[in-house]
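Have the viewer open and follow along as you read.

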Amino acid sequence: MQFNRRDFLGALGGTMLGGALAPAGALAFQQESKPFSWTPHKLDPKASAPVAYDGYWYNGYGCGYGVFYGIVGILAEKHGAPYNTFPFTMMEVGKSGISDWGTICGALLGAASAMALFWGRKERDPMVTELFRWYEATAFPLYNPGDKAQGVKGAVPTHAAGSVLCHVSVSSWAQATANDANGKMRQERCSRITADVCVKAIEIMNAKIDGKFAPAPAQTKATEFCGSCHDKGKESPIVKGRMDCTPCHSGSAHVQNKFKNHP
Ligand code: HEC
Ligand code: HEC
């Protein structure tokens with residue numbers, strides 16, 4: 001049978017936009033809720049921390065799921081729909097920097113995604129920047145689950161990564177603290193960071209809801225200096241992104257050529 005676009009849209013439920021086909025590039029399908037339209041509610045960061053921590057370990061779903069669950073899972077439990085309609089396991093994709101690629105720290109992906117349920121780009125970007133800058137500069141982990149630890153009990157060695165990337169965050173921690181990047185201690189570290197990121201994200205969201213969100217300066221020394229020539233509209237506008245430039249462009253021992261004279 002021949003099946004053209006008109007038949008297909010008709011079969012989907014006859015939504016033909018007044019008989020005419022939807023304009024090129026648009027479907028007849030309409031999202032039920034408006035973009036970024038879910039209502040945010042304030043949460044207790046202290047109550048969310050253990051939920052995010054346990055979410056990390058639950059079925060091995062990891063950091064992105066854990067942070068998201070510590071925010072939207074609690075909204076679902078307290079307020080029901082629409083929060084309980086979200087397919088939470090989707091956020092498992094963030095584990096290990098998205099499907100083991102070590103790109104963005106999945107905990108940050110989980111937090112930014114939760115924020116995006118409620119706030120569009122203009123309002124969300126400063127919130128994300130506040131969270132990401134804090135992450136770059138913080139010596140993780142901070143949270144300690146005590147006896148409820150699921151990987152390793154007691155203290156976990158800390159390190160400030162200077163980067164929001166899973167690869168840099170985990171690898172530099174492993175090197176600085178003489179740990180295995182695939183070991184139990186590393187998992188414990190990341191599960192505690194899941195709680196840390198959830199707490200910080202909720203503090204930012206609570207402040208936003210109260211109309212009291214006052215972001216710290218968005219620039220680092222490096223982004224300000226390097227950006228003075230490489231930002232949009234400057235003499236060499238060839239740089240994309242807001243990450244701090246230091247870990248990758250400082251010429252430190254870590255970013256020298258390892259293809260030559262390397263053990
Ligand atoms: C005074 C202006 C200025 C500042 C400040 C500046 N740059 Fe540049 N940079 C340039 C120009 C001009 C080029 C050449 C651009 C081109 O090839 O189009 C360049 C090229 C580069 C290149 C590619 C070529 C190379 O030499 O490696 C990198 C990487 C780079 N800059 C990184 C940085 C970083 C990181 C910082 C901050 C530490 C920085 N730049 C600060 C002007 C500047
Ligand atoms: C996570 C590591 C990382 C961070 C953070 C980072 N860069 Fe880069 N940057 C790179 C890599 C890798 C390239 C590609 C290098 C190549 O061409 O092989 C690159 C390319 C560039 C280039 C293009 C020139 C070239 O050599 O290819 C410029 C300019 C540059 N970066 C400046 C910056 C500035 C300014 C910042 C901070 C705002 C920054 N970078 C942050 C890793 C990084």
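The sections below go from the whole chain to its helix contacts and then to its ligands.

## Model and confidence

What you have here is a predicted model. The average pLDDT over the chain is 92, and 91% of the residues reach at least 70. Residues 1–19 are the stretch to treat with care: their pLDDT is below 50, and beyond near neighbours in sequence this segment has 13 contacts in the model. Where pLDDT is low, the predicted coordinates should not be read in detail.

## Overall layout

The chain contains nine helices and two strands. Followed along the sequence, these elements come in the order α-α-α-α-α-β-β-α-α-α-α. If you are setting up a box, the C-alpha atoms fill roughly 70 × 55 × 45 Å along the principal axes.

Two domains are assigned: domain 1 covers 45–209 and domain 2 covers 214–243. Their C-alpha centres are 26 Å apart. Where the domains touch, domain 1 contributes six residues and domain 2 contributes five. On the domain 1 side, the touching residues comprise two nonpolar, two polar and two charged.

## Helices H3 and H4

Helix H3 spans residues 62–79 and helix H4 spans residues 106–116; their axes come within 6 Å and cross at roughly 30°. The crossing of H3 and H4 is right-handed.

Which residues in H3 meet H4? On the H3 side they are Gly 62, Cys 63, Gly 64, Tyr 65, Gly 66, Val 67, Phe 68, Ile 71 and Val 72. H4 answers with Gly 106, Ala 107, Leu 109, Gly 110, Ala 111, Ser 113 and Ala 114. Sorted by class, this contact has 10 nonpolar and six polar residues, with no charged ones.

## Helices H5 and H7

Now look at helix H5 (residues 121–137) and helix H7 (residues 184–209), which pack at about 145° with their axes 10 Å apart. H5 passes H7 in a right-handed crossing.

From H5, the contact uses Met 127, Glu 130, Leu 131, Trp 134 and Tyr 135, while H7 brings Val 197, Lys 200, Ala 201, Ile 204 and Lys 208. The class count here is seven nonpolar, three charged and no polar residues.

## Ligand 1

Around ligand 1 you will find Ala 222, Phe 225, Cys 226, Ser 228, Cys 229, His 230, Glu 235, Ser 236, Ile 238, Cys 245 and His 249. Helix H8 gives the largest share of this shell, with six residues. By class, the shell of ligand 1 splits into six nonpolar, four polar and one charged.

## Ligand 2

How many residues surround ligand 2? There are 13, and the closest are Cys 226, Val 239, Met 243, Cys 245 and Cys 248. Helix H8 (221–230) and helix H9 (246–249) each supply at least two residues of this shell. H8 provides the largest share, five residues.

The shell around ligand 2 consists of nine nonpolar and four polar residues, with no charged ones.

How values were computed:
Residues numbered from 1 in each chain as written. Chains lettered and ligands numbered in written order. Predicted model: local features only at pLDDT ≥ 70, side-chain atom pairs only at ≥ 80, totals over all residues. Axes fitted to C-alpha atoms, helices over the stretch in contact; angles between N-to-C directions. Helix = DSSP H or I, 4+ residues; strand = E, 2+ residues; numbered from the N terminus. Left-handed = near helix turned anticlockwise from the far one by under 90°. Contact = placed C-beta atoms within 7 Å. Nonpolar A, V, L, I, M, F, W, Y, C, P; charged D, E, K, R; others polar. Domains from an automatic or database assignment. Near = placed C-beta within 6 Å. pLDDT = per-residue confidence, 0-100.
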